[in-house]
Amino acid sequence: QIALYEAELERAHGQMLEEMQAMEDEKNRAIEEAFSRAQVEMRAVHENLAGVRTNLLTLQPALRTLTNDYNSLKRQVRDFPLLLQETLRSARSEIGQAIEEVNSANRELLRKYRRELQLRKKCHNELVRLKGNIRVFGRVRPITKEDGVGAEAASAVTFDPDDDAVLHLSHKGKQVSFELDKVFPPKATQEDVFREVQALVTSCIDGYNVCIFAYGQTGAGKTYTMEGTAANPGINQRALRLLFAEVRGKAADWDYAISVSVAEIYNEALRDLLGKEPQEKLEIKLCPDGSGQLYVPGLTEFRVQSVEDINKVFELGHVNRATECTNLNERSSRSHALLIVTVRGLDRSTGLRTAGKLNLVDLAGSERVGRSGAEGSRLREAQYINKSLSALGDVIYALRSRQGHVPFRNSKLTYLLQDSLSGDSKTLMMVQVSPAEKNSSETLCSLKFAERVRSVELGPVSRKAELGSWPSQEQLE
């Protein structure tokens, strides 16, 4: 039994050895196969690694490029606000320069336009002088406390910024435009007004007849323009001061004598405001020398040589002038006031003698009786005033339509102004208007009348000059 066991054990031991050998072989074979696979995989990994290295080497320049681009973009983003501001500044500068060039061109065009406009006006004025038209200026007074408050006191008058001869009136919701020879806005001073008329004033020294008259509704500023105030005188006193200055400038060659008369037409009666009897009625007559000139017998004529003489004359004239209070104007002129300045000159070297006359007329204010509140004697005054102004309109119409008969004799005013309206003088009408809305109807009438007056042709003016002996001082006085 033991031998059987030993043989069995020997056989089992042999089998175990065989199995162990087989397992060892299997292990070695597995190891070899694994090693072979590992080698293959390792080769693949090495190949992949080589490819990765190749790609890495290829990507590094691209990465550097991208990094540079990124840094450049980063700098650009950081610098973008500064670049934007610089670009905007440059663009603004270029745009500003372009705008300045355009503005400069516009200013040059505007300057040329204004120069051409002034040249046109100068040529027009020369044409007017040659044709003998009546020149018409307009002056708009400022809004005052007497105009009240609210919509009725608002200004209905506007001006053309490019043309100082045009103004616009808003009347009943419509804008009406008027073209005169010159328009003075409310801010215009007495100096501005006189600067435009002084050439006319000085021409009477050369022997021309000159007439300047103010027209407009009551309270429009006619008396202020013609007479002014003591601190700010009007055309009357400035004209005489200018004449004195011109006479002094020509004293080396000329002898001049300046005399003044002051008259008024009140209720169709011509009165001498410098005479001893200012209530005495005077008559207008033709000169007996056959010249066709008009004169007023008995009209006082004062010789003036200084500003003090002027002030005395004006003071006496103001005391005697008829004024009364109405609802429209606390100090409304109830008569047509006339300042007549006669300038006689003698050229000592040639014996040439000149005689010029300057008529400065402050017309009574036109008004509607219903608005003025006039009654009794005031009503009669208003009727006479409106009648004389109506006669002036008839004369203007007759002259404008070139009628054979001009009704100068229909009123004392037109008869006295016949010399100024019949082609023998230089004539200027200063139309005064109120800008207040409540006065737009009267303003419209005044401006329409001014346009009609402006179109009247009087004919060429003539100079009163002749060779002859110089009258004695006694004759002049």
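Let's start with Asp-362, which lies in strand 16, spanning residues 352-362. The model we are walking through is a predicted one. Asp-362 has a relative accessibility of 3%, so it counts as buried, the cut-off being under 20%. The side chain of Asp-362 also has a partner: a polar contact of 2.7 Å links it to the side chain of Thr-223.

From here, let's turn to the helices. Two packed helices are described by the angle between their axes and the distance between the axes. Take helix 4 (residues 235-249) and helix 5 (residues 307-320), which pack at about 150 degrees with their axes 10 Å apart. Because angles over 145 degrees count as roughly antiparallel, helix 4 is roughly antiparallel to helix 5. Their crossing is right-handed. On the helix 4 side, the contact uses Asn-236, Gln-237, Leu-240, Arg-241 and Phe-244, while helix 5 brings Val-307, Ile-310, Asn-311 and Phe-314. Sorted by class, this contact holds five nonpolar, three polar and one charged residues.

Helix 4 has another packing to look at, with helix 2 (residues 190-203): here the angle is about 50 degrees and the axes are 10 Å apart. That angle makes helix 2 oblique to helix 4. The crossing of helix 2 with helix 4 is right-handed. Helix 2 contributes Gln-190, Glu-191, Val-193, Phe-194, Val-197, Gln-198, Val-201 and Thr-202, and these meet Ile-235, Arg-238, Ala-239, Leu-242, Leu-243 and Glu-246 of helix 4. The contact of helix 2 with helix 4 is made up of eight nonpolar, three polar and three charged residues.

Definitions and conventions
Residues are numbered from 1 along each chain as its sequence is written. This is a predicted model: local features need pLDDT of at least 70, side-chain atom pairs count only at pLDDT 80 or more; totals for chains, interfaces and linings use all residues. Side-chain values use heavy atoms; hydrogens and water are left out. Helices (H or I, at least four residues) and strands (E, at least two) are DSSP runs, numbered from the N terminus. Buried means under 20% relative accessible area, exposed over 50%, partly exposed in between (1.4 Å probe, protein chains only). A polar contact is a pair of N or O atoms within 3.5 Å; within protein, one must be able to donate a hydrogen and the other to accept it, and residues adjacent in sequence count only if both atoms are side-chain atoms. Axes are lines fitted to C-alpha atoms, for helices over the stretch in contact, and angles run from 0 to 180 degrees between N-to-C directions. Angles under 35 degrees count as roughly parallel, over 145 as roughly antiparallel, 65 to 115 as roughly perpendicular and the rest as oblique. A crossing is left-handed if the near helix is turned anticlockwise from the far one by less than a right angle, and right-handed if clockwise. Contact means heavy atoms within 4.5 Å. Ala, Val, Leu, Ile, Met, Phe, Trp, Tyr, Cys and Pro count as nonpolar, Asp, Glu, Lys and Arg as charged, and the others, Gly among them, as polar.
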